[in-house]
Amino acid sequence: MNALLDMILDTLIPESPDGRMPAAGSLGLADTVRAEVASARDIVGAGLTAAEERGFADLDAEGRIAALREIEADQPAFVQTLLFPTCVAYYQHPDVIAALGMDPRPPHPKGYELEEGNLDALERVRARGPLYRSDSR
Amino acid sequence: MSDEPVDVLIIGAGAAGAAMAWSLAETRMRVVCLEQGGWMNPAEFPSTRPDWEIQGMGPFGFSPNTRGRREDYPINDENSPIKVSNFNAVGGSTVLYAAHFPRLHPSDFRVRSLDGVADDWPLDYATLEPWYDLNAEMMGVAGLEGDPAYPPKKPTLPPVPLGRLGETLSRGFDSLGWHWWPSDSAIATREHSGRAPCINLGPCVTGCAQGAKGSTDVTYWPLAEREGVELRTHCRVREITVGADGMADGVIYYDETGNECRQRAEIVIIACNGIGTPRLLLNSTSSAFPDGLANRSGLVGKNLMFHPYAHVTGWFPDSLEGYKGPMGCSLICQEFYETDSERDFLRGYSFEMLRGVGPVQTALQGLSGQLGWGPDHHAQYATLWDKSAGMVIICEDLPEEHNRVTLDPHLTDADGIPAPKIDYTLSENSRRMLDHGVERGKEALTAAGATRTQAIAPLPPAGWHLMGTARMGTDPERSVVGPHGRSHDVKNLFIIDGSVFVTSGGVNPTNTIQAISLYVADHIKKNLTTLFD
């Protein structure tokens, strides 16, 4: 069933038109997503069955979108259940992070450089004088 | 374990307990601290892991009810629009705080005199000023001198960089002519007292793997232990006991394996936060104190104050590099902090800027309506990724007795100790303040260039600041502790956490909590021979 799930993931998050962002299914996320939705096995199972019944694997990309929209209309919980863990798995995948322009690594230990920023405008604030109230009337 | 009493027993190793322990260490008294959590290992903090964003929603989340750690205790906050956020470990909630480190204003100590509501504190800004200064050195406070919203003060370290995001937002405040200033932050922007400098990891609120953030496990505690303070971890106190003379004589607690233990003490100091402290006092009943220890006023647990928060997000056309840098600390705006008779509410609030979120959080936030699936997914995501900047609005919460902490009749922690139950409603004054803040926040973000804004008010998971439930005062009928944190009812019992706040101000309370702790410690040290008079 992972092959079918990968096709559905590819439909949820397809390759971007410029080819920069990969499709979700192509990253092999099916096992991860399946593990995350284990507690909703019935919902996912029913959705996968509906996809099979529509011959999902044999449809072209536009046909798969149409089929998934039909399934979503009949079983809204199916797409909702898949989308959250798919986004989580997709947007922490190294290939996706790199495609977004970040180093595909955790923040620590390298950290990031940060611009100090321009503090010249604070002269205007400073020139207003004390803004706090006295603690006596 | 010996049945000998220790000189001082501190309950809780968070912001207040750590400062107290360090300060008392020089007396060479035998000081013991009991902490229900353990030491955190910075190498295991989320920012060291590829799934760092998700970790912040689970094991390092704000709510003890969802984290599921044994060290935490559950909190029944169903009857409150604001949910409690705290953490139990050496360092307490400073392990997960943002380290935004402002002081209260002078006017915050005189709310009754100036605005005719709530009560005045029995101490003032000038009294706490030297302790704020000492705490700045100990915690390593970064900031910029000269903020006209405060009396003169001198931060220890250079300010946290604004970054592209902070600079963008500052232009919004400038165009409106409003106050703004780089945040006072307990973040080591340079090496400080052996702490490595901040490297802009981002998610400070899931623990600082770099050790740059001033949580008390890396500031006060190493020094206190070196000076001889004994810190016992995974020890959860059930109750404080009293002797025939009406003085506190020790505690009963459970150790890591659940064994019931007893520790006697000459002085007991409670530092368990605005929820944990009333919980412990209310659970410490005896014939002398049938309604809970130190509760002859009936005010233990009452006057609970959070800071009602609003969150306003703006989306900008250009990348802001918002995932870089301390997420809660860049700049603060206090244009609307002091009472203005032209407004329809009393007191005021602060704006604190937030940085952006990472790729996963961007997607999950987008799923609430801006991000769908299918061919448009990437185009929609591109309008969200690294394009958002946010701010929180921290409103002063005025004390009301019906906002309170009691003991839940059914819910218990892992050791069977009754859990706290929260009853809290948002006041009309707070609602008006939130409404004002949201509109002004949207105005500021739009002035900075945001093309779209969105607000949440009140922000449900924002019960970070826990105050007022064992208030300070001079009148034993109207307060729980005196001006030096000593219980009116029990002469060797002190309270030093946010419980003692009389009013809340409109800023993060940790700096003030620690300044009070250092002030009380100084009083104890200078008055040891007459302390129980």
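This is a predicted model: local features need pLDDT of at least 70, side-chain atom pairs count only at pLDDT 80 or more; totals for chains, interfaces and linings use all residues.
1. Residues are numbered from 1 along each chain as its sequence is written, while chains are lettered from A and ligands numbered from 1 in the order in which they are written.

2. Chain A has 7 helices and 0 strands. Helices (H or I, at least four residues) and strands (E, at least two) are DSSP runs, numbered from the N terminus. The radius of gyration of chain A, taken over C-alpha atoms, is 24 Å, well over the 14 Å that the globule rule gives for 137 residues, so chain A is more spread out than a compact globule. That rule is 2.2 Å times the number of residues to the power 0.38. The C-alpha trace spans about 75 × 40 × 30 Å along its principal axes.

3. The contact between the chains takes 40 residues from chain A and 54 from chain B. Two residues are in contact if their C-beta atoms, placed from the backbone, lie within 7 Å. On the chain B side, α6(B) gives the largest share, 6 residues.

4. Chain B holds an open sheet of 6 strands, ordered β4-β10-β11-β12-β9-β15, with antiparallel pairing. Strands pair if DSSP finds at least two bridges between them. The edge strands are β4 (181–182) and β15 (452–456) of chain B. Strands β10 and β11 of chain B are joined by 2 bridges. B:Ile332 stands opposite B:Glu352 in β11(B).
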